[in-house]
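User: I've got this model open on my screen and would like to talk through it. Could you take my questions one at a time?

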Amino acid sequence: MAISVRGVSKRFGEFVALDDVSLEIPSGALTALLGPSGGGKSTLLRIIAGLEKPDAGTVEIAGTDATSLPPQRRNVGFVFQHYAAFKHMTVFKNIAFGLEIRKRPKDEVRKKVNELLELVHIEKFSDRLPAELSGGQRQRMALARALAVEPEVLLLDEPFGALDAQVRKELRAWLRRLHDEVHVTTVFVTHDQEEAMEVADTIALISAGRLEQVGTPDELYDHPANDFVMSFLGPVTTLSGDLVRPHDLELRPTAGTDTTEATVVRVMRLGFEVRVELLVDGHDLWAQVTRETARDLDLEPGRIIHVARATRRQQPDHAGTTG
């Protein structure tokens with residue numbers, strides 16, 4: 001179901017958490033609320049869920065004004081970073097809880113929970129207590145519990161933030177596959193740029209309570225609305241006062257009309273890529289090249305090299321794109 005956030009503002013004392021934010025989330029989409037800590041993304045998610053009330057603005061879910069509705073009447077599933085499991089209940093009973101308090105028939109509850117256990121691949125652990133599961137398994141249980149009541153909207157607040165890097169990678173790929181199976185409108189909060197780029201259909205980048213840009217991962221990466229968006233999504237460096245992607249720099253052995261002279265400071269080989277740290281007129285610059293390029297140019301500290309922009313990406317539009 002589609003979500004419409006219109007002119008939402010929220011303050012906590014003197015702190016402005018959200019400032020006139022408007023955002024359209026299409027039905028069935030997987031949308032990331034991305035931004036630095038304290039930027040307002042979790043506050044926006046909690047307002048959509050009904051856990052916070054906006055000072056101004058409205059929230060519509062499936063065409064219905066939900067601004068004043070309590071959470072239980074919004075038909076949303078909410079998954080927190082720290083699971084919030086019932087420690088004394090088995091995995092099966094945790095997932096069944098929402099159905100049981102709705103007085104669903106026992107046979108229906110059993111069938112639904114078994115389907116969800118299989119969907120999230122923890123059917124072997126149905127009789128275990130949450131403490132007997134790994135972090136990744138507990139998070140899958142939390143997602144299954146949220147899906148059990150068939151919400152129109154699934155809201156995830158830093159769902160993988162408490163997990164180690166490898167488990168995060170595995171679970172975000174799993175979340176993408178799960179979403180493609182169930183097609184529930186999903187909004188998740190993250191400060192991890194790679195996570196948002198890999199998982200989301202759409203990214204809403206929020207900073208200091210304002211929506212900086214909304215679009216597909218490619219749109220934000222290739223056509224940033226401003227320098228903040230460009231700096232936040234992917235690596236950047238500065239050449240002649242302009243932000244540029246390090247992999248958009250070309251290193252040449254000889255000067256040209258479009259090149260800038262630089263001195264190689266350090267060469268770091270990182271797998272199949274090489275990071276080259278440079279000094280240009282007293283300013284630091286770095287480029288990302290292939291191992292083949294580094295070998296062909298014989299890049300070593302102290303060597304003079306010439307830098308040009310390999311491609312011409314659209315420069316940040318400081319007017320911005322604020323959905």
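Predicted model: local features only at pLDDT ≥ 70, side-chain atom pairs only at ≥ 80, totals over all residues.

User: Good. How much space lies in the largest pocket?

Analyst: The volume counts the space filled by probe spheres set on the grid points. For the largest pocket, that comes to about 610 Å³.

User: Which element gives the largest share of the lining of that pocket?

Analyst: The lining has 22 residues, and Val76, Gly77, Phe78, Arg102 and Val149 lie nearest the centre of the pocket. Strand S6 (76-79), helix H2 (91-101) and helix H4 (135-148) each supply at least two lining residues. The largest share is four residues, and the element they come from is S6.

User: By class, how many residues of that lining are nonpolar?

Analyst: Gly is put with the polar residues in this scheme, while Val and Phe go with the nonpolar ones. The lining has four polar and two charged residues, and its nonpolar residues number 16.

User: Let's move to charges. Which residue meets arginine 6 in a salt bridge at 3.2 Å, N to O?

Analyst: A search of the whole structure turns up 15 salt bridges. In one of them, arginine 6 sits in strand S1 (residues 3-12) and its partner in strand S4 (residues 56-61), 54 residues apart, so the pair links distant parts of the chain. At 3.2 Å from N to O, the side chain that meets arginine 6 is that of glutamate 60.

User: Which residues are linked with Arg6 in a network of salt bridges?

Analyst: Glu60 is one of them, through the 3.2 Å pair with Arg6. The network has another glutamate as well, so the residues linked with Arg6 are Glu60 and Glu24.

User: Is arginine 6 buried or exposed, or in between?

Analyst: Buried means under 20% relative accessible area and exposed means over 50%. Arginine 6 has 41%, so it counts as partly exposed.

User: How do S1 and S4 pair, in the parallel or antiparallel sense?

Analyst: Valine 5 stands opposite valine 59 in S4. The two strands, S1 and S4, share five bridges, and the sense of their pairing is antiparallel.

User: And which residue in S5 is the bridge partner of glutamate 60?

Analyst: S4 and strand S5 (residues 64-65) also pair in the antiparallel sense, over two bridges. Their hairpin has two residues between the strands, and there alanine 62 takes a positive phi near 55°. In S5, the bridge partner of glutamate 60 is aspartate 65.

User: Why does arginine 46 count as partly exposed, and what about its salt-bridge partner, glutamate 52?

Analyst: The closest N and O atoms of arginine 46 and glutamate 52 are 3.6 Å apart. Partly exposed lies between the buried limit of 20% and the exposed limit of 50%. Arginine 46 is partly exposed because its relative accessible area is 26%. Glutamate 52 is partly exposed as well, at 21%.

User: Last one: what percentage of the protein chain is buried?

Analyst: The chain has nine helices and 17 strands, and its C-alpha atoms fill a box of roughly 75 × 45 × 30 Å. Among contacts with a separation of 6 or more, 63% are between residues 24 or more positions apart. Out of 323 residues, the buried ones make up 49%.

Key
Residues numbered from 1 in each chain as written. Heavy atoms only, no water. 1 Å grid on protein atoms, 1.4 Å probe; cavity = no way out; pocket = protein on both sides within 12 Å on 5 of 7 lines; lining within 4 Å. Salt bridge = Lys/Arg side-chain N within 4 Å of Asp/Glu carboxyl O. Buried < 20%, exposed > 50% of the residue type's maximum accessible area, 1.4 Å probe, protein only. Pairing = 2+ DSSP bridges. Contact = heavy atoms within 4.5 Å.
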